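Hi everyone, thanks for coming. Have the viewer open and follow along.

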Amino acid sequence: MTGFSGGIIEALPYLFAFFVGAMIPRRQGWAERVGIGVVGVLAVAFVMGLWPEAADAEATQAVTRADEWPQLLNVIVFLPIVGAVAILFAPRQNPKLLRAMTMGILAADFLISLGLLRANMTTGWHFQYVTEWLPTFGIRYHVAIDGISLWMVLLSTVTTPIAALVSFGSIKKRTKDLCFAMLLLHGGMLGAFVSLDLFLFYVFWELMLIPMVILIGVWGGVEKIKAAYKFLLFTMAGSVLMLAAILYMVWAHRQAAGFVTFDYLAMSNLVLPRTAATLCFIAFAFAFVVKVPMWPLHTWLPDAHVQAPTGGSIILAAVLLKLGTYGYVRFCMGMLGGPAYDRAATLAGVAVGGGILYGALCAWKQTDVKRLVAYSSVAHMGFVMLGLFAATTSGIKGALLTMINHGIATGALFLLVGVIYDRRHTRLVSEFGGLAKVMPVYAAVFVIVTMASIGVPGTNGFVGEFMVIVGTFVSSALGRHGSIQAVLATFGVILAAVYMLSVVQKMFFGPITNKRNENLPDMNVRETLAVAPLVALIFVLGLFPSLVLDTMDSSVAHVIDKYNSGRDSHRGNTIDELRLLNPSPKGDDPTSYDHNYPVPPKSDDDESANAASRPLSTAVALGQGVSRGVAR
Amino acid sequence: MGMDGLFSIFPPEDFTLLCVILGLPLLGAFVNGVFGKRLGKEAVSLMALVAVGGSFMASCAAFFMLMQRQTETEAARFVWHGWKWLDISGNGDFQIPIEIAFSVDALSGGMALIVTGVGFLIHLYSTEYMAEDDGFHRFFAYLNLFIFSMLVLILGDNLPVLFIGWEGVGMCSYLLIGFWFTEEANAVAGKKAFVTNRIGDFGLLVAMALLVWHVGALDWQGIEAGANNLLTPIKIYPLGNGVPAWLPDFIRGPLTPEDPRGVRVTAATLVGFALFLGCAGKSAQLPLYVWLPDAMAGPTPVSALIHAATMVTAGVYLCCRMAAVFVLSPATMATIAIVGLATALLAASIAFAQNDIKKVLAYSTVSQLGYMFIGIGVGAFATGFFHVITHAFFKACLFLGAGSVIHAMHARIHDVDRSQDMRNMGGMRNFMPITHLTFLASCLAIAGLPLTSGFFSKDEILFKAYTSTIATPQVSDGEWIDRSTQVTWPAMQAWTPPEDLGRWIYTLALLGAVMTAFYMFRLYFRVFWGEFRGWTIVRGWVAPAGGHHGHDDHEHDSDEPLDGPKPHESALQITVPLVVLGVLAIFAGGLNAHAFFHSHLFDDWVAPVLATASSSVGEIEGAKEMMMPLLLPGIGAFAIGVGGAYWVYVMQRGEPAASFVEKVPWLHRIVYEKWRVDELYEETFIGAVDTLGDMAVWVDQYVVDAVVARVTSFAVAASGTILRTMQTGRVHAYGAVMVAGLGALGWFFIAPQAVVTVLADDDSGVYSVTASPGLGYQYRWDEDGDGELDSDDFGDKARVDVQLGRSEVRLVQVEVKNALGFRSIEQIGLFRPQRDGASDGLAGAAQEAKEAADSAAKSQKALQDIQRVLQQAGGNLPGAGKQPAPKPVGGAP
């Protein structure tokens with residue numbers, strides 16, 4: 001077969017997808033046709049590109065770790081941040097240019113981030129880039145992804161352009177500030193997902209807080225200032241505790257290993273005294289749980305969502321909440337597996353009772369549809385946390401997939417609520433009714449997204465929840481409570497149908513009772529294009545979840561490994577000692593998760609350097625009051 | 001092309017014909033759903049019919065290929081493996097891959113034929129029935145999607161794939177019940193169906209989790225192979241940590257089971273109940289049947305296809321599929337039979353009083369589904385499934401006939417409720433001969449006229465209910481000795497049903513058969529016999545100007561007399577399906593006519609698939625001879641029911657029924673109102689959840705948010721207020737505070753600080769204790785731990801090294817005197833652990849187990865030593881009481 005005809009045959013599925021996609025819109029107009037055609041092509045490319053045989057073939061051919069461009073993550077993270085700065089120099093009077101610049105940057109970032117998919121997600125970190133940043137304090141610029149953060153990065157780069165696209169349709173004032181905030185927020189989120197240095201992570205974690213507060217506080221609803229404050233204060237309270245824990249761990253690491261570093265790899269290699277470990281866990285978990293949010297720290301979420309503009313809500317739901325769950329996997333389970341194990345059953349109870357069931361009940365009773373979706377987030381995130389607490393392979397994988405699914409489905413729901421809000425400037429369910437008659441496309445999309453949200457199999461929502469339920473049922477971390485919690489969580493599946501279908505029925509079915517709804521226009525081109533990728537993803541991930549799940553294999557195995565060794569060392573640590581879990585990490589093996597493990601700085605004073613590098617096992621050197629060999 | 005050709009194209013291990021069967025309806029759904037509006041009605045009908053028709057042909061081909069391969073003992077099975085869907089964790093976190101895979105065997109092949117065949121006829125019917133509807137393309141998109149989902153349900157090779165179809169048909173049902181969504185009631189009925197089904201799906205999800213845990217497989221072959229693992233006992237009460245210890249004894253006592261192992265059932269029973277909950281939801285059994293009658297709000301072809309012939313029988317299909325699991329639990333089997341019986345009787349009783357033609361058929365469907373579950377419950381899986389097939393024919397025919405009648409009524413009556421009210425019908429046999437004959441045929445079949453299909457399927461169920469027995473499985477459990485009480489508890493035994501259960505089921509099911517015959521012929525006589533009561537028939541009647549068809553153009557008051565044309569027979573697209581189904585309703589029984597013809601075609605066909613389950617099912621002695629004696633009451637039931645209906649509604653023109661209603665109006669009312677089960681649920685379960693929801697919202701607002709947000713902010717504000725009062729700006733006050741601070745600093749320097757650091761070396765046992773230096777400090781020690789200071793004089797010795805043996809405990813004291821002569825005493829408890837390297841957490845290692853145990857005992861002793869020493873010290877040393885409680889920590893676990 002000649003190259004050309006072979007190329008044609010290879011291109012056929014893409015051409016077909018483009019053609020079908022382009023035929024779907026009923027309206028005339030090339031922008032919508034091309035847009036949906038491109039979505040179709042991307043969906044096909046996603047499936048075909050990640051198909052096991054294709055991935056294997058490619059792995060043997062070209063893509064090895066050496067081929068990974070180490071600067072790729074830097075480009076992805078800093079493109080939006082540099083773009084945000086560039087926006088500052090663009091003219092305020094020209095909103096079109098500002099929007100085009102922002103969309104261009106976000107689109108470019110998305111396309112570049114697709115490059116991450118080319119890597120074969122084998123054991124170890126990928127696209128790792130390490131350089132000294134503040135060597136005096138042992139702070140490094142250390143970014144890398146594994147099978148977990150890969151999908152978080154992609155989730156951000158997919159949903160942020162959608163959020164921006166929607167925002168530009170409904171927000172007309174202070175465009176420059178909006179663009180700046182969006183880009184900075186994007187950069188901050190991406191940075192937090194790829195950071196492997198606790199200091200760097202903290203910087204990004206706080207960096208994204210401010211643009212989000214601005215998004216709510218400037219373009220929000222009536223009570224925007226209150227909601228923005230509430231969001232800020234809740235999150236800050238968690239962050240500050242986390243900062244304290246980070247500083248303690250850095251200090252403890254210096255005691256154990258003799259040099260200062262903020263690196264995640266070193267921290268996850270640390271066995272802390274029992275009390276200290278527990279306190280650190282509480283501090284970290286508090287920061288993340290606020291962000292997730294878990295009961296009873298969830299009350300900022302409905303307020304923030306209701307007041308935030310549509311774009312803000314999409315980012316908040318799709319990505320920002322995921323930082324909480326991602327943080328829990330990466331830092332709580334990765335560094336502090338012992339206390340995490342000790343508290344898993346209790347916290348899982350909270351996730352089931354306070355998240356899945358209570359969140360669903362609250363959602364059912366809401367009169368504001370956006371508030372309803374916000375409470376449904378609490379329920380979905382309850383599933384995520386439950387899967388993480390279960391700490392079985394399918395529990396964690398299911399939780400990670402549910403994170404992605406929730407980003408897609410709930411992001412789409414917020415987008416759709418925004419559509420009707422732009423038309424009617426109200427979100428009260430009672431204001432609507434019979435919308436399916438006047439807005440058939442809108443109704444159809446809403447029903448599809450609803451089905452994904454309540455986890456009808458075939459859509460993405462089911463796969464994650466099913467894996468979490470089974471993973472919880474067989475969990476050893478939850479012991480004899482696992483099966484009860486799994487059954488109760490399954491109850492949440494019923495409640496999800498109750499609250500989502502109630503709102504669908506009240507909004508879309510029945511006669512049109514409100515005269516103002518009689519002539520509402522259906523979804524416009526911009527809105528259709530924004531929601532199309534999410535709808536495509538609902539089915540792609542629903543039918544081919546293993547394309548995503550298989551890339552997580554080694555990373556999830558690594559997390560479970562860390563978690564279990566943390567559990568064992570914590571359990572065995574009955575005399576409160578401080579030491580390194582693995583005294584000789586394989587820092588030079590790229591297939592190890594210890595690649596680029598920080599080394600002690602070269603010192604002129606050899607003796608002190610040697611002394612420092614020797615792990616001190618005695619408690620006395622730590623100044624511990626109660627320690628080994630000492631009873632006071 | 002011959003069979004061999006087919007086999008070379010579609011090898012059994014890569015049976016891509018399944019893709020054709022599944023793919024065509026999906027394509028139809030996509031094309032009609034997305035492009036339907038632009039395609040026009042003809043193209044939409046063509047697409048839909050070709051999709052289902054093609055799927056039917058492919059199913060036929062698959063069926064013939066199965067016939068070719070299947071032998072008497074070995075089941076033929078053709079599989080197509082799609083792709084890996086996901087992995088789930090089994091017991092011990094080993095990964096179980098779940099594939100998107102489909103398979104066809106005798107059971108699913110037969111069901112696929114019914115679904116696509118009856119589905120095709122109903123599609124054809126709908127092209128005429130729905131011709132005037134604006135949502136034509138939407139209707140066919142949903143209908144195609146339903147066929148696809150139903151096929152996924154049937155052909156799925158494992159439970160999760162079945163679950164895709166299971167919820168998929170539920171979703172299509174939701175969409176189709178609410179097809180005319182501008183009516184609030186239809187949308188509500190759709191939601192009710194979905195949510196009720198979800199309660200069943202909850203059971204199915206739990207069953208899957210249990211199967212993963214105990215069997216470690218979710219595909220049919222894996223489940224069947226590992227089913228015996230389900231015979232392990234599981235504690236179901238008390239849950240979790242047990243009965244809480246803090247409860248007072250008089251509550252705790254009754255709550256604590258006598259058997260310390262708790263209340264236990266086999267895993268098979270749990271799985272069986274969970275699965276049956278799913279089946280009860282989908283197949284409208286007690287207590288979840290309430291959605292099905294309301295589901296009749298959908299268009300009539302939908303009622304025929306989804307809510308009579310196919311979807312609602314999915315529960316029966318699943319029971320047959322999982323028969324190997326169900327037979328392991330006689331308790332589950334008995335429950336299924338009893339629930340089926342109760343549902344059959346309850347639904348039949350409600351059908352007596354209904355006037356809506358579709359409601360009667362709906363309750364009849366619920367009742368017939370009950371019969372199918374009686375068959376399943378007594379172990380007659382093939383017979384129960386055969387009733388699925390015959391029921392698909394006659395009930396689809398009945399619904400389509402009812403639709404034909406309703407269609408005719410729409411000539412003048414457009415209100416949905418009144419056009420379906422049989423009080424407005426009557427004498428239809430004169431106007432609609434084909435509809436009448438086919439309806440009669442189906443009524444005879446469902447009532448059980450000998451030699452019709454319903455007779456052979458239903459009476460076989462009754463026969464099996466009387467004669468079948470389920471073998472008691474051997475639970476894998478041994479006797480257990482409670483060490484604390486020395487009581488020996490026996491091994492668990494599986495529950496066995498009482499012996500005369502079968503006889504009771506037979507008798508009551510016979511009563512149900514009488515009821516069935518009566519209410520079906522009540523319906524038949526009132527619709528097709530007597531005088532037409534809809535409107536006054538006027539020859540050459542012309543429609544007045546304005547809308548003719550359409551659903552909401554003009555409403556009539558019920559008492560306003562109407563005139564109109566003769567009701568007319570329906571078009572060919574409607575009558576052809578009726579005739580086909582009517583013929584099948586009469587003759588399909590021949591496939592399994594045990595009674596007169598000794599034909600076992602159907603039983604033999606599915607026997608290899610059900611072989612594992614059948615081995616656990618036996619029959620009572622002399623069953624063969626009972627065939628005829630048990631059959632005669634069945635024929636009698638038919639005669640009594642039909643005769644009774646004829647006497648009441650034809651000979652007496654409904655007089656006895658009317659006078660009965662007058663005599664006991666309350667009974668009629670409560671039956672007419674469906675025993676008020678909906679209201680009961682509304683008040684209990686739904687009301688409870690509703691209240692919980694209100695409570696959750698209240699708690700969220702006034703407790704959680706109040707505590708987390710408002711109390712915190714109040715605390716911050718309050719502390720701010722308090723601190724603010726100190727910032728008075730008066731220099732005097734600041735000066736006073738400064739002086740107080742200086743004074744405190746001075747005291748710090750004056751008081752001696754007896755602070756020590758200990759450098760421990762467990763290996764050598766040398767512990768060096770260093771007292772901190774200070775201004776003019778002098779020290780004296782108690783090194784040997786005898787409680788007396790070693791010398792009366794103070795010296796400069798700031799450090800002592802203490803040598804301890806293993807597990808030795810010593811209380812060292814140091815007294816410090818500063819330049820001003822103030823003194824202070826500090827005590828230091830030292831303890832050397834038993835072992836070296838204890839810090840490595842190796843305490844659990846097997847070879848050190850004994851040592852560890854010794855060490856534990858010793859460190860226990862060491863702890864007591866320390867406490868004793870400290871108590872002594874506290875008695876004669878000032879300041880010792882201030883010491884924190886000793887906290888010795890050692891290498892022992």
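This is a predicted model: local features need pLDDT of at least 70, side-chain atom pairs count only at pLDDT 80 or more; totals for chains, interfaces and linings use all residues.

Let's start at Asp553(A), which counts as partly exposed because its relative accessibility is 36%.

Residues are numbered from 1 along each chain as its sequence is written, chains are lettered from A and ligands numbered from 1 in the order in which they are written, and side-chain values use heavy atoms, with hydrogens and water left out.

Back to Asp553(A). Which residue does Asp553(A) form a salt bridge with? The partner is Lys397(A), and the closest N and O atoms are 2.4 Å apart. When I say salt bridge, I mean a side-chain nitrogen of Lys or Arg within 4 Å of a carboxyl oxygen of Asp or Glu. This pair links distant parts of the chain: Asp553(A) sits in helix α24 (residues 553-572) of chain A, and Lys397(A) sits in helix α17 (residues 393-424) of chain A, 156 residues apart. Helices here are DSSP runs (H or I, at least four residues), strands are too (E, at least two), and both are numbered from the N terminus. Lys397(A), with a relative accessible area of 2%, is buried.

Over in chain B, Arg77(B) and Asp157(B) meet through their side chains in a salt bridge, 2.6 Å from N to O. Arg77(B) is in the loop between α3 (41-69) and β1 (78-89) of chain B, and Asp157(B) is in the loop between α5 and α6 (159-177) of chain B, so the pair ties together parts that are 80 residues apart in sequence. Are these two buried or partly exposed? One of each: Arg77(B) is partly exposed at 21% relative accessibility, and Asp157(B) is buried at 6%.

Another chain B pair is Asp294(B) with Lys192(B), where the closest N and O atoms are 2.8 Å apart. Asp294(B) is in helix α11 (residues 291-294) of chain B and Lys192(B) in helix α7 (residues 184-214) of chain B, which puts this link at 102 residues apart. Asp294(B) is partly exposed at 23% relative accessibility, and Lys192(B) is partly exposed at 21%.

There's also a network of salt bridges linking Lys230(A), Asp303(A), Arg371(A), Asp705(B) and Arg710(B).

**Helices and a surface patch**

Stay in chain B and find helix α5 (residues 136-155) and helix α12 (residues 300-309): their axes come within 12 Å and cross at roughly 5°. Those axes are lines fitted to C-alpha atoms, for helices over the stretch in contact, with angles running from 0 to 180 degrees between N-to-C directions. α5(B) and α12(B) are therefore roughly parallel to each other; that label is for angles under 35 degrees. On the α5(B) side the contact (heavy atoms within 4.5 Å) uses Phe139(B), Leu143(B), Phe146(B) and Ile147(B), and on the α12(B) side Pro301(B), Val302(B), Leu305(B) and Ile306(B).

**One residue facing both chains**

Now Ser394(A), which is in helix α17 of chain A. Ser394(A) is buried, at 0% relative accessibility. Leaving out residues up to four places away in sequence, Ser394(A) touches Met467(A), Val468(A), Val470(A) and Gly471(A), plus Asp87(B), Ile88(B), Ser89(B) and Asp93(B).

Most residues other than glycine have a negative phi, and most peptide bonds are trans. With that in mind, look at the bond from Val292(A) to Pro293(A): it's cis, with omega near -10°. The bond from Trp295(A) to Pro296(A) is cis as well, with omega near 0°. Pro293(A) lies in the loop between α12 (274-291) and α13 (300-307) of chain A, and Pro296(A) is in the loop between α12 and α13 of chain A.

Finally, His425(A) has a positive phi, near 55°. His425(A) is in the loop between α17 and α18 (435-438) of chain A, and is exposed, with a relative accessible area of 58%.

Methods:
Angles under 35 degrees count as roughly parallel, over 145 as roughly antiparallel, 65 to 115 as roughly perpendicular and the rest as oblique. Buried means under 20% relative accessible area, exposed over 50%, partly exposed in between (1.4 Å probe, protein chains only).
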